[in-house]
Amino acid sequence: MGNISGDLLRGHLQTLILSALRKGDAHGFEILKRLELGGSGALQLKEGSLYPALYKLEAAGLVKGAWEDGDTPRRGPRRRVYRITTKGGRRLEEARGEFQQFITVIGGILGATV
Amino acid sequence: MKDLLIHVEKIVRPVRAIAPRKLRMRRELLAHLQAALEEERGRDGDEVSALARAKVRLGEPSELTRGLQASVPWIERMLLARLPLPAAAERMEKYSGRWWKLDCPMTMTQASILVAGSTMLPFIALMGLVMGLHLDREEAQRLMVERPPTWVILNLGSIAVVLALSMICARWIIAVASSTKPWRSPAAIGPAASIIVLPAASIVLTVACLNRRVATVGELFWSLGMGLLLMLSQAIIGRLVATLRQPYAEWLTLDIAG
């Protein structure tokens, strides 16, 4: 399986993040790990690009972030933990429907098995 | 650790956004980079190559800066946009920044507090000083008519005192903000003493010009008291700036040019 990166990912990253957060609250690095696991290693994401996408999602009210507790037994700077909001959940369902339609239509044109 | 901080700062510093937003970006990217570094260390014990790989994983700094900039609300981007200025204005800004000590790394809020404190408070203190002295106003009016050059010199002198006091106050605020024990710092003692002495000196000259007499002990005590009050109020502003600066200081003082 070829790698999926750059332009192919653009436009889908926010939905992918919402999907990763559906599995539970997570900080940036954990979200990335979930995406890597879900993509079976085929997703080639510049890790830093996750954060602008998270900030946009938060500004749109689709996710909500909070700094983890100071008493977390962990070295290093505090992390911001994100959770999907009800609005974010609705947006994810919409995006799934849209993507399903997209692959049905485009897959049909290209003659790919859907 | 410093390498990580510098790499993050290279990404975040050029972003036009309010300071708390940038601080949040810094902290999140640093936490991520540190996690990536720990993972890379597990693969290969070599610290240098692990650090290089962690940086590559994060992405190209200029690309990340663009991405982060795009995530900032448009109103904030617009308000913080740097307008192109003529070279002469840029030079003047740099020069005046040095005089007012605004070239010390700080956020916009901290600089605003410093400028407001070092310009408004001396003005208020001098106004209070003059009003409390009950200077002979008729004499002042007569001086204006009879000896215009003296009147002009007195006014120019007052403007110079206000400007000098503002500059000294800014230096004192910075000295208090930068040190936990400013009274031990030579950079702080000079401005602190000047803030107390300068109003008294200006009153001695004003009374001599206006009323043609030597300032009384009461007037001297009043002006020294006002100077002391001004110095203490500026110290409070300095501590406030220091408190606000604390989470940012580590980042703002990083040299990212290398």
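Predicted model: local features only at pLDDT ≥ 70, side-chain atom pairs only at ≥ 80, totals over all residues.
1. The largest share, four residues, is that of α2(B).

2. Fold of chain A. Chain A has five helices and five strands, arranged along the sequence as β-α-α-β-α-β-α-β-β-α. Of the contacts in chain A between residues at least 6 apart in sequence, 52% join residues at least 24 apart.

3. Burial and surface of chain A. Of the 114 residues in chain A, 38% are buried. The accessible surface of chain A is about 6800 Å², and carbon and sulfur atoms account for 54% of that area.

4. Nonpolar patch. Phe99(A), Phe102(A), Val105(A), Ile106(A), Ile109(A) and Leu110(A) make up a nonpolar surface patch, with about 610 Å² of accessible area together. Leu110(A) belongs to helix α5 (residues 86–110) of chain A. Leu110(A) counts as exposed because its relative accessibility is 67%, and the cut-off for exposed is over 50%.

5. Salt bridge within helix α3 of chain A. The count of salt bridges over all chains is 22. One of them joins Glu30(A) to Arg34(A), with the closest N and O atoms 3.4 Å apart. Both residues lie in helix α3 of chain A, four residues apart, or about one turn of the helix. Glu30(A) is partly exposed at 30% relative accessibility, whereas Arg34(A), at 16%, is buried.

6. Salt bridge between chains. Arg24(B) and Glu58(A) form a salt bridge through their side chains, at 2.4 Å from N to O. This pair crosses between chains, linking helix α2 of chain B to helix α4 (residues 50–59) of chain A. Arg24(B) has 17% relative accessibility and therefore counts as buried. Glu58(A), at 19%, is also buried, since the cut-off is under 20%.

7. The side chains of Arg13(B) and Glu9(B) form a salt bridge at 2.7 Å, N to O. Arg13(B) is partly exposed, with 27% relative accessibility, while Glu9(B) is buried, with a relative accessible area of 0%. Elsewhere, Lys33(A), Glu36(A), Glu47(A), Glu39(B), Glu40(B), Arg43(B), Arg53(B) and Arg57(B) are joined into one network by salt bridges that share partners.

Definitions and conventions. Residues numbered from 1 in each chain as written. Chains lettered and ligands numbered in written order. Heavy atoms only, no water. Helix = DSSP H or I, 4+ residues; strand = E, 2+ residues; numbered from the N terminus. Buried < 20%, exposed > 50% of the residue type's maximum accessible area, 1.4 Å probe, protein only. Contact = heavy atoms within 4.5 Å. Areas by Shrake-Rupley, 256 points an atom, 1.4 Å probe, with all protein chains shown as cover. Patch = residues over 30% accessible without salt bridge, like charges linked within 9 Å, V, L, I, M, F, W, Y side chains within 5 Å. Salt bridge = Lys/Arg side-chain N within 4 Å of Asp/Glu carboxyl O.
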